[in-house]
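Me: I'd like to learn how to read a few features of a model. Could you take me through them one by one?

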Amino acid sequence: MYFISQLTAKVDPAVVLGVTVITLLLTLLFSVIPAQIAAKTEPARALSHE
């Protein structure tokens, strides 16, 4: 049914490490840092801007 009977794949540890590091940095940048900034904001001040 398929033209390829097997698919060979090479897993390079350096690529896996690079992707892992970039993923962790992006997660930190887009989730933890804004959450820390929001945690320091007073609720009354945040609600007054709505």
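Me: Let's start with Val21: what is its relative accessible area, and is Val21 buried, partly exposed or exposed?

Reply: Keep in mind that this is a predicted model. The general idea is that a residue is buried under 20% relative accessible area and exposed over 50%, with partly exposed in between. Val21 has a relative accessible area of 41%, so Val21 is partly exposed. Its place is in helix H1, which covers residues 13-40.

Me: Where is the kink in H1 centred, and what is its angle?

Reply: To read a bend, compare the axes fitted to the seven residues ending at a position and the seven starting there. In H1 the kink is centred on Leu28 and amounts to about 35°. From first C-alpha to last, the 28 residues of H1 reach 39 Å, close to the 40 Å expected at 1.5 Å a residue.

Me: How many helices and strands does the protein have, and why is it called more spread out than a compact globule?

Reply: There are two helices and zero strands. The radius of gyration is 22 Å, well over the 10 Å that the globule rule gives for 50 residues, so the protein is more spread out than a compact globule. Along the principal axes, the C-alpha atoms fill a box of roughly 65 × 30 × 10 Å.

Me: And what share of the residues is buried?

Reply: Buried residues make up 0% of the 50. The protein exposes about 5200 Å², with carbon and sulfur atoms supplying 70% of that area.

Conventions:
Residues numbered from 1 in each chain as written. Predicted model: local features only at pLDDT ≥ 70, side-chain atom pairs only at ≥ 80, totals over all residues. Heavy atoms only, no water. Helix = DSSP H or I, 4+ residues; strand = E, 2+ residues; numbered from the N terminus. Buried < 20%, exposed > 50% of the residue type's maximum accessible area, 1.4 Å probe, protein only. Rg over C-alpha atoms; globule rule 2.2 N^0.38 Å. Areas by Shrake-Rupley, 256 points an atom, 1.4 Å probe, with all protein chains shown as cover. Expected span 1.5 Å × (residues − 1).
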